[in-house]
Amino acid sequence: MDGGEIENIKRWIVFYPIYINSKKTVAEGRRISLANACENPTFTEIADCCAHLKLPNAIELDKAYPRDFMQRGRVRVLLKREDGTLCNPAISSRCWPSISAGGDLKM
């Protein structure tokens with residue numbers, strides 16, 4: 001990767017597996033309802049779901065969730081391009097990747 005691409009990745013949305021983990025509470029970091037959450041997702045499964053949804057993503061292995069530093073890995077996802085157009089028109093907000101990833105991982 002060149003320097004410009006790495007700088008652009010820093011602007012992408014950060015997605016930790018704990019956001020959709022049904023074993024965690026809202027206070028521990030879960031961001032979606034239990035009905036949409038899945039049990040113990042991994043960052044690789046989330047990256048696969050993003051690829052299935054045709055969203056550009058990047059896995060960061062060395063990063064950890066601030067509240068639970070023992071859980072390593074996160075995914076950066078690009079929802080909007082530099083010009084403001086959506087990468088996937090079906091996904092228009094930040095909450096849709098969470099719900100979609102939770103639903104795809106359950107299947």
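**Notebook: a tyrosine cluster and the sheet beside it**

I began with Y16, which is buried in this predicted model, its relative accessible area being 7%. I then looked up Y19, which also counts as buried, at 7% relative accessibility.

Next I went through the aromatic pairs, of which the count comes to four. The rings of Y16 and Y19 have centres 5.6 Å apart and planes at 80°, and because planes over 60 degrees apart count as edge-to-face, I noted this pair as edge-to-face. Y16 also pairs with Y65, where the ring centres lie 5.0 Å apart and the planes stand at 70°, so this pair is edge-to-face. I noted that the pair links distant parts of the chain, since Y16 is in the loop between β1 and α2 while Y65 is in strand β2, 49 residues apart. Y65 is buried, as Y16 is. Ring pairs join F15, Y16, Y19 and Y65 into a cluster, and over the ring of Y19 I found the charged end of R31, 3.9 Å from the ring centre.

From Y65 I moved to the sheet, where this residue stands opposite D68 in β3. β2 and β3 (residues 68–77) pair in the antiparallel sense over six bridges. The open sheet has three strands in the order β1-β3-β2, with antiparallel pairing, and its edge strands are β1 (13–15) and β2 (57–65). I recorded that helix α2 (residues 43–52) packs on the sheet, touching β1, β2 and β3, and that its direction makes about 10° with that of β3.

Last, I checked confidence: the chain averages a pLDDT of 83, with the highest mean in β2, at 93, and the lowest in helix α3 (residues 95–106), at 61. Where pLDDT is low, the predicted coordinates should not be read in detail.

Conventions
Residues are numbered from 1 along each chain as its sequence is written. This is a predicted model: local features need pLDDT of at least 70, side-chain atom pairs count only at pLDDT 80 or more; totals for chains, interfaces and linings use all residues. Side-chain values use heavy atoms; hydrogens and water are left out. Two strands pair if DSSP finds at least two bridges between them. Helices (H or I, at least four residues) and strands (E, at least two) are DSSP runs, numbered from the N terminus. Contact means heavy atoms within 4.5 Å. Axes are lines fitted to C-alpha atoms, for helices over the stretch in contact, and angles run from 0 to 180 degrees between N-to-C directions. pLDDT is the predictor's confidence in each residue, from 0 to 100. Rings of Phe, Tyr and Trp (its six-membered ring) pair if their centres lie within 6.5 Å; planes under 30 degrees apart count as stacked, over 60 as edge-to-face and the rest as tilted. Buried means under 20% relative accessible area, exposed over 50%, partly exposed in between (1.4 Å probe, protein chains only). A charge sits over a ring if NZ of Lys or CZ of Arg is within 6 Å of the ring centre and within 35 degrees of the ring normal.
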